[in-house]
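Let's take a walk through a protein chain together, one piece at a time.

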Amino acid sequence: MGYTTRLFVFFVIILLASSAFGQVRTDGIVVDAQTQKPIAGVAIHVDGGETCISDSLGKFYFSVSGKTAVTLFFAHIAYKPQVFANVKTGGTLPVFSLTSRTYDLTEITIAGVVPERKGTNLGLSSIDIKQAIPVLGEANVVLTLQQKAGVAHAHEINPGLFVRGLSSSQNKVFLNGAPIFNSNHTLGIFPSINAKALSKVELLNDDVHPKYGDFLSACLIMEGNSQVADSSELMLGIGGLTSHVYSRAPTVKGKMSYMVAARRSYFDLVANYYNRKYGNESGSNRLPDYRLYDINGSIVIQPTKEDKIVVTGYYSDDKLKQERFGVVDLVWGNTMATLSWEKKLTDAFTIKLSVDDCHYNTTMKLLKVERNQVVNRIGRHHFNLDGVYRVGKDLQFDAGVFAAHMQTAISNNSREFNGNESVLDSMAGGYRNWGGYAAINVWPWRHLQLKGGLRMENYDQSQFYFSPRIFVQSPVTSALTVFAAFSHRQQFDHLYEPMGINLPIDMVIPSRGKIKPQKSHYYSAGVKVRMGDQAQVTASAYYSKLRNQVDFVNPEPLYQGFYYTVGRGTSRGAELSVSYQGNWLGVEASYSFSESLRQFAQINQGRWFHPPFDVTHKVDLLANLQLSRRLRLQVAQFLQSGTRITIPTSIYVTSGGDLVPVFTTRYNLQLPLAHRLDVALHYSVVRSYGSFSCSVGVYNAYNQANPYFIYFDPVPLDNKQRAFVTKKRSMLPMVPFIMIEFLL
């Protein structure tokens, strides 16, 4: 190397070194303004410099040279863009707080001061919902919860939450305090509640406040935004299967705002065009005619700092008509309105009054052996008054009173083959439910939390029912928490699922006469272990003893009559989940074991059996990979034991050529393992005036044909006889999807 070359290299090294030594590193943290939790994935742009991304702990850093102060621009798809001017460089910066853009996460809660850890209760914030994999382009609360430990995956046309070995009909679903009688559109892929209208979702199973009752399994609590908006927002979403619009804005600054979210599907438009062009007269090649739409709205009024009034409304409407495997013509929908008023009397004492009115209607016409029709109408009016009194930061009392009136009407013209009327051909009536509850939440010392409650209620003027509950947990160390729970639960209605596939024709039957309220004793215990700041392991076990369970005597009640029988059951299981959240990779894996048993004197000769919703083994794997500042890859894979169905043990042909199935045992076939892979890519661009995002992906990426039901197809033989071949029917194959959203 010549002298000139060595001199040039020397000057380059000196120049680079001086530049490097001139760089000043600055560190900071970004958190949610309301929850004070760190925010990952925030883009921080330094004027005249680089752009950095916050990690899972909300930490970020940047380096600049020659500047003692800079302007920082913070951007995130879920938060309002914010500019901080004259930020001094060097060392550690103060904490930066961002305000949620689309949703405020703070809600009016009864236990807002006392520290909360809720066993294996599952909670989803609006950010969690938005960042979940958008199956078929829509954020889905139900499918997101099904990816958690203890919640079984339902088939595509069998929506609902099957929690810890119990039926979805043994849950209670609340929207802004009012019950929703069917929380899914058909196929289960789209919940009937638009996720854009939600700010918080909780699935309660261990630690359940006594204000929630009338369930055996779990409570799904969905709450909309109850804060006055301080700025206007408009979101438009256009997808291949549905489109939606969301708007939230102040009407009186600081005092009043509104929110509206609406959605509609295109299924019926595509099906009608296809059927007109390709459908034949027999209907065997005709697509189902299906459409859905729903509307959520709210008005928040805050005349003073001590008063808040929230009015919410909800409406959903579905229609399904299909002509394959029998003609089904089905319509259903929900209507709900709520009014709540919260008054802060003192810093320690708050009261809240709420009233709601909700209705559910469904009508199904079915043609198989003969034409049948089922009509179910439900109406509920509810009043609730509760108060919260806080003593310091470690003690809280709350109590309340409630009254409800429910009216049900059921009619159907199904008959048993011999012409006799079935028990539930016609049922109508109403019942009253009133009572009160009290609860205490106390930390007697640093390493122990006690939560106890008692719910006392009178049902249909018959007798008083008492439901005690207790939850105990101990943060032994900063990394280890143990917990245990016990509750006595009662459910005063029985939701019959007449087709066994949980279509929205579940009939709500109040407990009367020989139909007693369902009861259970529930026990659970578990442990949580934090492994540093990025990983956590949770293990738990549970056991439920059930009484007054109800099932149908006939395998096909729609065609053979709604004869019921009463029995008992048990449910037990264990769960393990592991989660890791790094700077660019988030992973959650879980395993669930469950065994659910039932016994009825008139089913399977009184022997114990596994009900159709029993899923023994379940494995879930979720991965969220941040490929770049704007691009995120999401993967969801599950594998679980097959569910159980009832198939005929033999089939004979009548002289008229009709096929008559013969059933000797119920739930006598377990379907094969079910599994599915969903993949999505999410691209987003955030600007000061708004944002753009696009989600593309594949539902059922490797086209797995999970069997939904089994049927028998007659195959002619050479000797003019017929053999019956068992075949399976699957619902959704591999389906690509796209959703484009604009937020202004």
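Start with an open sheet of four strands, which line up in the order β3-β2-β5-β6 with antiparallel pairing. A strand here is a DSSP run of E with at least two residues, while a helix is a run of H or I with at least four residues, and both are numbered from the N terminus. Two strands pair if DSSP finds at least two bridges between them. Which strands stand at the edges of this sheet? They are β3 (51-53) and β6 (79-88), and since each has a single partner strand, one side of each is left without a neighbour in the sheet. From one strand to the next, the twist averages 20°; such angles are taken between N-to-C directions, on a scale from 0 to 180 degrees, using axes that are lines fitted to C-alpha atoms (for helices, over the stretch in contact).

Now zoom in on one pairing in that sheet. Strand β2 (residues 43-46) and strand β5 (residues 69-76) are joined by four bridges in the antiparallel sense. If you look for V46, you'll find it opposite L72 in β5.

A quick word on what you're looking at: this is a predicted model, where local features need pLDDT of at least 70 and side-chain atom pairs count only at pLDDT 80 or more, though totals for chains, interfaces and linings use all residues. Residues are numbered from 1 along each chain as its sequence is written, and side-chain values use heavy atoms, with hydrogens and water left out.

Let's step back to the whole protein chain. It has five helices and 44 strands. Of its 744 residues, 50% count as buried, where buried means under 20% relative accessible area, exposed means over 50%, and partly exposed is in between (1.4 Å probe, protein chains only). The chain exposes about 32,800 Å², and carbon and sulfur atoms supply 60% of that; the areas come from the Shrake-Rupley method with a 1.4 Å probe, and for residues only the protein chains shown count as cover. What about contacts, meaning heavy atoms within 4.5 Å? Among those between residues at least 6 apart in sequence, 62% join residues at least 24 apart.

For a strand tucked inside, go to β13 (residues 200-204). Five of its five residues are buried, so β13 is largely enclosed by the rest of the structure. In a regular strand, side chains alternate between the two faces of the sheet. In β13 both faces are covered: K200, E202 and L204 are buried on one side, and V201 and L203 are buried on the other. Its antiparallel neighbour is strand β14 (residues 219-223), joined to β13 by five bridges.

Next come the rings. The structure holds 18 aromatic pairs. Rings of Phe, Tyr and Trp (its six-membered ring) pair if their centres lie within 6.5 Å; planes under 30 degrees apart are stacked, over 60 edge-to-face, and the rest tilted. Y459 and F492 make a stacked pair, 4.7 Å centre to centre with 10° between the planes. This pair links distant parts of the chain, 33 residues apart: Y459 sits in strand β25 (residues 448-459), and F492 in the loop between β27 (480-491) and β28 (493-496). Y459 is buried, at 2% relative accessible area, and F492 is buried at 1%.

F492 also pairs with Y465, this time edge-to-face, at 5.2 Å centre to centre and 70° between the planes. Because Y465 lies in strand β26 (residues 463-475) and F492 in the loop between β27 and β28, the pair ties together parts that are 27 residues apart in sequence. Y465 is buried as well, with 7% relative accessibility. Elsewhere, F60, F74, F84 and F96 form one aromatic cluster.

N548, in strand β31 (residues 535-552), has a positive phi near 60° though it is a residue other than glycine. Y667 isn't a glycine either, yet its phi is positive, about 50°. You'll find Y667 in the loop between β38 (659-662) and β39 (669-670). N548 is buried at 16% relative accessible area, and Y667 counts as buried at 16%.

Conventions
Contact means heavy atoms within 4.5 Å.
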